[in-house]
Amino acid sequence: RIVRFVPHSSDRLDKSSWSGDIDAAVNRWTDWHTDKIFDSDDERIKKLIVPFSRFYCDTERLIADPMESIGQGIAYTRIEGCTRELSVQQKEEIHKAYSDIHEQLEALAESGSLIIDCHSFPSDLAPDTDICVGFNDDDSYPSDEIINIVVEHFKTAGFKVGVNDPYSNAMRVKASIPTFMIEFNKASYLASDEKTQGNDIENINEVLNELYRKLLKI
């Protein structure tokens, strides 16, 4: 079965804990509507949508993540000129939320599963790329066959595809559970503000569901 992990679609957080223009950072780095474009009614396709903002807790980060050094680990404390101070209790709550999400993902990712890490990116980061397909260079690499199917599927649908560009790697859980990432350029499915739902969401969702059906046949 397929497990869709959607970590950054929510903007739910206590903005009062931040100083600076946190709204601008939230607008830019929230993966707006990815919970919708990756959706599926197929019972073989499970989902885990993180219900809070990455600016509360970033479930994509690692324990002792190198990004901690710039205040962007599991519990962000700095982003684009904005800062927040966290008490010991707040940090414990954030790490508890992180652990809960990872436990849920591991429970879904049983043997035989394929994890798809579902994202989007601001268009100015790679204006000539519609979709980025990323993966890890370790035992979570799905296979050449799967990556080729994914890349060719999107190319056939008319998208310009980057492989591990502008982003690489993907969320991984248990050893040997294959995983890869799909990142949509926000300009490909959002309005010009890169936040409001665009007209192509239904078409893109159908392209994704066609891909799911191909992958489930492997």
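In what sense do strand β1 and strand β6 pair, and over how many bridges? In this predicted model, β1, residues 2-6, runs parallel to β6, residues 114-121, and four bridges join the two strands. Within this part of the structure, R4 is found opposite I116 of β6.

Both strands belong to an open sheet of six, ordered β3-β1-β6-β9-β7-β8, in which the pairing is mixed. At the edges are β3 (45-49) and β8 (161-163), each of which pairs on one side only. On average, and ignoring direction, neighbouring strands of the sheet are turned by 20° against each other. Helix α5, residues 201-216, packs on this sheet and touches β1, β3, β6 and β9 (179-185). The direction of α5 makes about 165° with that of β9.

At least two lining residues come from each of α1 (22-29), α3 (88-108), β6 and β9, with β6 giving the largest share, four residues. Sorted by class, the lining has 13 nonpolar, 11 charged and nine polar residues.

The second largest pocket has a volume of about 200 Å³. Among the residues that line this pocket are R12, D14, F52, Y56 and R84. Helix α3 contributes the most to this lining, with three residues. By class, five residues of the lining are nonpolar, four are charged and two are polar.

Key. Residues numbered from 1 in each chain as written. Predicted model: local features only at pLDDT ≥ 70, side-chain atom pairs only at ≥ 80, totals over all residues. Heavy atoms only, no water. Pairing = 2+ DSSP bridges. Axes fitted to C-alpha atoms, helices over the stretch in contact; angles between N-to-C directions. Contact = heavy atoms within 4.5 Å. Nonpolar A, V, L, I, M, F, W, Y, C, P; charged D, E, K, R; others polar. 1 Å grid on protein atoms, 1.4 Å probe; cavity = no way out; pocket = protein on both sides within 12 Å on 5 of 7 lines; lining within 4 Å. Points joined across faces, edges and corners; volume = space filled by probe spheres on them.
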